[in-house]
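Dear colleague,

I am handing over a structure for you to look at, and below it I have written down what was found. Please keep the structure open while you read.

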Amino acid sequence: MSAVDRLTVTVDTDACCAMGRCAAGAPEIFDQDPDTGTVVLLNATPPPELHDAARLCAELCPCAAITVTEA
């Protein structure tokens, strides 16, 4: 489990290239707009058990559309 108490996820839908890696990798946090395919943020402050998944999605996003801030 993460040592971080709070993790915040933000997305830039304008930067999103609709690859869907985030929605596939962390469906509890991300989805895709059915019309455009762009990222939809479902949970901006995921629980600690999803922190690693959020970080990985941000790291692997080919468009750098996901930002994770830790406090």
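This is a predicted model, in which local features need pLDDT of at least 70, side-chain atom pairs count only at pLDDT 80 or more, and totals for chains, interfaces and linings use all residues. Residues are numbered from 1 along each chain as its sequence is written, and side-chain values use heavy atoms, with hydrogens and water left out.

α1 (21-25) and α2 (51-60) each supply at least two residues of the lining of the largest pocket, where helices (H or I, at least four residues) and strands (E, at least two) are DSSP runs numbered from the N terminus. A pocket is an open set of points on a 1 Å grid over the protein atoms alone, where a 1.4 Å probe fits, with protein on both sides within 12 Å along at least five of seven lines, and its lining residues have an atom within 4 Å of a point. The lining of the largest pocket has 18 residues, and those nearest the centre are Arg21, Cys22, Cys57, Cys61 and Pro62. α2 gives the largest share of this lining, namely four residues.

His51, Ala54, Cys57 and Ala58 of α2 are buried, which means under 20% relative accessible area, whereas exposed means over 50% and partly exposed lies in between (1.4 Å probe, protein chains only). These four cover an arc of only 130° around the axis, and therefore they lie on the same side of α2; the arc is that of the directions from the helix axis to the C-beta atoms. Asp52 and Glu59, on the other side of α2, are exposed. The buried residues of α2 pack against β1 (7-11), α1, β2 (30-32) and β4 (66-70), with contact taken as heavy atoms within 4.5 Å.

Leaving aside residues up to four places away in sequence, Phe30 touches several residues, among them Val9, Cys22, Cys57 and Ile66.

Lastly, two loop residues deserve a look. Ala18, in the loop between β1 and α1, has a positive phi of about 60° although it is not a glycine. Ala64, in the loop between α2 and β4, has a positive phi near 55° and is likewise a residue other than glycine.

Best wishes
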